[in-house]
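Q: Please give a close look at one part of this model. Start with the aromatic pairs and go on to the strand pairing.

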Amino acid sequence: MLAAVGRAAIGSATNVGALAIQLWRSVLRLPAALPVVGHRRRWRTAVQQMMAIGVSALPVVALMSFCLGFVASLQAAAELRRYGATRYVVEFTAIAFTRELGALITAVAVAGRSASAIAAEVSTMVVSQEVDALTVMGLDPIDFTLAPKYLGALVTLPCLTILSMVFGIAAGYCFLAASIEMTVRAFVRDALAAIMLRDLVLTLIKSLLFATIVVHVGYMEGLRVSGGPEAVGRGTTAAVVKATFFVILTDLAATALFYAMGWSAAG
Amino acid sequence: MSANTGTAREAVISIRDLSVAFASRRVLDRVSLDVYRGEIVALVGGSGSGKTTILRQVVGLARPDSGTVAVSGSDLTSCSEAELAAVRRKIGVAFQESALFTSLTVEENAALPLHELTALADPVIALMAWIKLRAVGLADARQLFPRELSGGMKKRAAIARAIALDPDILVLDEPSAGLDPIIAAGLDELILVLKRSFGMTVLVVTHALESAFRIADRVAMLYQGSLIAVGTPSEFKASPHPRVRQFVQGQPERLADATEGFAASFLKEFKA
């Protein structure tokens, strides 16, 4: 039993270490993926990745945010109505999305779509020896594959997060307009009063952390694959589960840190 | 070891006492082999004999437990990353799975090393890629994607990419695996043409003996991680080693057991 615990601890420590090394090396290679100063072909790949990770995730993120925004408003209104405070639903929804849900919904949606896609792509590259081929050509797989994906995610996740906030808060308006016939003017005034720039910035920082997790967990799960095609399937599943789990774990840690440091606007 | 034919010639690949173990299983046991400039050496052996392990050592994808691998005078087991990168520029590798990049056309695959590792202008790169595709007989298929290619065409495309940077050394992993005899013979022809026209040193890993005899200047056989015979095709065919005889005659493992006694007495003689 003790040995099993020890082995598990060593295993996860090794994983965390490998992830940290991979993260550091990809950060070093990020400038090469930038436009103008970087490598033209990397930037092209990065733009393709922005399309794959970001643009094609627009509908699902928008829809998920709208639905969750509506549900959250509904649930909040059911409670707040008892105190005759239905209009505080505006504040509730605005704060929930700018502080938390915008980044979280986006990250979960992107983890489901892109962590799996990245893991599948990378593991296929491993199985078909493409990673070996890159290495013997003197090309770094991190430079060639990971850095453009990372850049793509770093650019698109904050954008998607803002989109998610807009749709979530808009859903709150739709609910209030339907239930208490609130005007747009009143809604916008109350919502803007509730949104703090500081919250927005912190949430966008979180979305950068989530982008890092989704891309790197997906890539590492892809690299770990060994064996035949069925291993690719296992790798993609593991990538989604681990990426989602780590996103939520990081959310907890980051939120706790932001409050502990007194950076959050609350209080 | 036999066939000390080229002591005066320059060894481009020099493997010394190479040993590799995975977990507790010994995959290579003190293997030594020289590949001289301009020759084709075929490394043959059954499945699991350690052929691919040697190949991965020669191209610097893995490091051994002991022994050295020197390519163009640089010891891959102890050299720096920069030195390794320089050596890799001199080696072209065509993998067993072809390892073409699926999102790129044949032409883009062949041009990739040029785009990535040289500062040449695009028209020059296009021309060089075309020359290489022409050399492997794929000039007409350059706009196709890897999934649209047949097995033999994939191997040719992989070779075109491997020779894109005009390497001194070409390493081929099972070029004829999974191909019909006619296509396989065509690939053998291609390897000989490449050797003649580009003056490359070629290391071929294969389990197809007839192919090895057709193209190789020397044939080396691995058995259970040890090099049991090295020599020209005719020397190799005449080798008295029971495992070599078994491999040449294509006998199954059961029959080999019957010759085990002979092997033991042969080894005793050999040591004496």
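Ring pair and sheet

A: A search of the whole structure gives six aromatic pairs over all chains. Phe144(A) and Phe101(B) form one such pair, which is tilted, with 5.9 Å from centre to centre and 40 degrees between the planes. Here rings of Phe, Tyr and Trp (its six-membered ring) pair if their centres lie within 6.5 Å; planes under 30 degrees apart count as stacked, over 60 as edge-to-face, and the rest as tilted.

The model is predicted: local features need pLDDT of at least 70, side-chain atom pairs count only at pLDDT 80 or more, and totals for chains, interfaces and linings use all residues. Residues are numbered from 1 along each chain as its sequence is written, chains are lettered from A and ligands numbered from 1 in the order in which they are written, and side-chain values use heavy atoms, with hydrogens and water left out.

The pair crosses between chains: Phe144(A) belongs to helix H6 (residues 141-179) of chain A, while Phe101(B) is in the loop between strand S6 (91-94) and helix H3 (106-117) of chain B. Helices (H or I, at least four residues) and strands (E, at least two) are DSSP runs, numbered from the N terminus. Phe144(A) is buried at a relative accessible area of 17%, and Phe101(B) is buried at 3%. Buried means under 20% relative accessible area, exposed over 50%, and partly exposed in between (1.4 Å probe, protein chains only).

Chain B also holds an open sheet of four strands, in the order S2-S1-S4-S5, with antiparallel pairing. S2 (25-36) and S5 are the edge strands, each pairing on one side only. Two strands pair if DSSP finds at least two bridges between them. Eight bridges connect S1(B) with S2(B), where Val20(B) has Leu28(B) as its bridge partner. S1 (residues 11-22) is joined to S4 (residues 66-71) of chain B by five bridges, and Ile15(B) is partnered by Val69(B). From S4(B), two bridges lead on to S5 (residues 74-75) of chain B, with Ala70(B) opposite Asp75(B). The hairpin of S4(B) and S5(B) has two residues between the strands, and Ser72(B) takes a positive phi near 50 degrees there.

Helix H1 (residues 51-58) of chain B lies across S1, S2 and S4 of that chain, at about 120 degrees to S1(B). The axes are lines fitted to C-alpha atoms, for helices over the stretch in contact, and angles run from 0 to 180 degrees between N-to-C directions; contact means heavy atoms within 4.5 Å.
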